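User: Hi! Could you walk me through this one, question by question?
Analyst: Happy to; let us look at it together.

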Amino acid sequence: MKTDRRGFLAGSLALALAPGYLRAESTARIVVVGGGYGGATAARWLGALGHDVVLVEANRSYTSCPFSNTVLGGFGTMEELSFGYGDPGPVRVALNRAETVDTTGREVVLADGTALPYDRLVLAPGVDLLFDALEGYDEAAAGIMPHAWKAGPQTELLRRQLEAMEDGGVVAIVAPANPYRCPPGPYERACLIAHYLKEEKPRSKILILDAKDQFSKRPLFEEAWAELYPGMIEWVPMSAGGNVIRVEPEAMTIETDFERHEVDVANVIPPQSAGAIARAAGVADPTGWCPVDPGTFESTLVPSVHVLGDACFAGAMPKSAFSANAQAKVAALAIDAMLRDEAPPVPKLINTCYSLAAPDYGFTVAGVYAPQDGLIAEVEGSGGISPVGAPREVRQLEAEYARNWFNTITGEAFG
Amino acid sequence: MRIIASTVATFALAGVAAAQSLPPPGATSCSGCHGTELSLEPFSAEEIVAALAAYRDGSREATVMDRIARGFTEEEGRAIAEWIAENRHED
Ligand SMILES: Cc1cc2nc3c(=O)[nH]c(=O)nc-3n(C[C@H](O)[C@H](O)[C@H](O)COP(=O)(O)OP(=O)(O)OC[C@H]3O[C@@H](n4cnc5c(N)ncnc54)[C@H](O)[C@@H]3O)c2cc1C
């Protein structure tokens, strides 16, 4: 498959940074499973590199988790989160669920029975939520106590519940132990729900029941809570009784090691693992996540299968859309080199997670990463969080940059 | 093929600039933030190198670039800058 650099790259410098060099026709078949931030980016880059790529995605359109907390905050819309697969660049799209992988015969089998042969397989299925890992929290419970950790109807349900709640109500957010998708996500969510409640139902409270004693960007969140939402958000760490052991959706109660909380809205974020297809392919280890080579994202358990994004164990890199997108580009270049029998390049990767504490109040955690001793490690001296105590203008600027980031990265992944 | 929901035609190769090269380590991560917004198009390789150096030593104000630039050596920064300048969009 030949690719026109201009055709593929049109309209976006993000894509102009894609490798523009062109080669003879590639005959290798590449299947990418999962059209999220990781898989959609990988498919485009592999296509631009001249390979024959099929992207397998179960849903007709993608709903972004990044920025979905703005819907809960009442200042973002579901439409802004929705992306289609209509313009996938030089990639074929199969809108279907991948059911199994035959890693010996090198075939992906779809739900309708179609078999897609591959020379290289990329798995980017994101996470599965582990229902029943928390007593009382099964799939039906999520209809009463939404997780909203996969954006879509769950986000809308949680929003409706917040809208229906009386002033003076209690909203609980149950935050899981590490590792999980989007480490700062529960705390950003607390901020943006508080933003809504402060305007509409100022006597209400938010209770974060946490299975951890620490969390990402904590000093920045605590600063923002005190500054923007004094008295509204209470964080209960594990050691102070935050660990939730049981939920009762009918009674709307949440039980911790110490206490039973009766709440009005419950957002339960359960433990997670790599998506089912990764486990079916045998690339997940007993932790539920997929160990990979830090330079190529090839599975250390099954050859010719690459795993990226939330599903992989990426050492020091957090499970974020930014990471998934960065890993996708590294994996695409590695696969391209390997198919030419060349040594894959030794990569460097960046992650940055923007969080909003209010529509005009943003901050970040950033890191630069490189392979070290078989894992992905943070480059010493790099990264860190936005300065604590920075003036409001800086928070405002970072909120603007957060939107720039969202527009840029969704453009790169979804066109 | 039945299962393929949408197929996109491949394009002609007219007018593609030559001398394209593979990106050096780190370069592909920059496009997570720098695209049509926060564009790096106006800048020469020298300007990008100078900006990265200033972010690294803290002499240039930044919200995030200081923390990113400190993850790259001067040589890495130069390779990235040259690659970005070489592969800029020429439409
Ligand atoms: C509330 C919230 C806020 C967040 N905010 C941010 C943020 O601000 N910045 C940030 O960087 N990250 C953020 N994240 C994290 C981000 O959403 C994830 O890290 C990111 O989506 C991971 O990308 P992925 O490609 O690995 O998986 P996903 O984006 O989940 O994509 C996986 C895709 O694979 C498909 N799929 C799975 N299995 C199959 C199968 N068998 N067959 C076919 N298709 C399949 C799914 O339908 C899905 O489209 C946030 C997450 C949450 C929950």
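**Helices, cores and loops**

Analyst: A:Q396 sits in helix α10 of chain A, and please keep in mind that this is a predicted model.

User: Is A:Q396 buried, partly exposed or exposed?
Analyst: Its relative accessibility is 39%. Buried would need under 20% and exposed over 50%. The value falls in between, so A:Q396 counts as partly exposed.

User: How far apart are the C-alpha atoms of A:Q396 and A:P359?
Analyst: Along the chain, A:Q396 and A:P359 are 37 residues apart.

User: Are α9(A) and α10(A) parallel, antiparallel, perpendicular or oblique?
Analyst: Helix α9 of chain A covers residues 321-339 and helix α10 of chain A covers residues 392-414; their axes come within 11 Å. The axes cross at roughly 40 degrees. Roughly parallel would need an angle under 35 degrees, and roughly perpendicular runs from 65 to 115. That makes α9(A), relative to α10(A), oblique.

User: Which residues of α10(A) meet α9(A)?
Analyst: From α9(A), the contact involves A:A321, A:F322, A:N325 and A:K329. By class, the contact between the two helices has four nonpolar, one polar and two charged residues. On the α10(A) side, the partners are A:W405, A:I409 and A:E412.

User: Which element gives the most to the largest nonpolar core?
Analyst: That core has 100 residues, and those touching the most other members are A:V33, A:V56, A:V108, A:L121, A:V283 and A:F297. The biggest contribution to this core is 10 residues, and it comes from α9(A).

User: How many residues are in the second, separate core?
Analyst: Its members include A:L197, A:F215, A:I269 and A:A358. The size of this second core is 36 residues.

User: Is A:G50 buried or exposed?
Analyst: A:G50 lies in the chain A loop between α3 (37-48) and β2 (52-57). Its relative accessible area is 10%, and the cut-off for burial is under 20%, so A:G50 is buried.

User: What is the C-alpha separation of A:G105 and A:G76?
Analyst: A:G105 belongs to the chain A loop between β6 (98-102) and β7 (107-110). With a relative accessible area of 47%, A:G105 is partly exposed. A:G105 and A:G76 are 29 residues apart along the chain, and their C-alpha atoms are separated by 46 Å.

Conventions: Residues numbered from 1 in each chain as written. Chains lettered and ligands numbered in written order. Predicted model: local features only at pLDDT ≥ 70, side-chain atom pairs only at ≥ 80, totals over all residues. Heavy atoms only, no water. Axes fitted to C-alpha atoms, helices over the stretch in contact; angles between N-to-C directions. Helix = DSSP H or I, 4+ residues; strand = E, 2+ residues; numbered from the N terminus. Parallel < 35°, antiparallel > 145°, perpendicular 65-115°, else oblique. Contact = heavy atoms within 4.5 Å. Nonpolar A, V, L, I, M, F, W, Y, C, P; charged D, E, K, R; others polar. Buried < 20%, exposed > 50% of the residue type's maximum accessible area, 1.4 Å probe, protein only. Core = buried A, V, L, I, M, F, W, Y, C linked by side-chain atoms within 4.5 Å.
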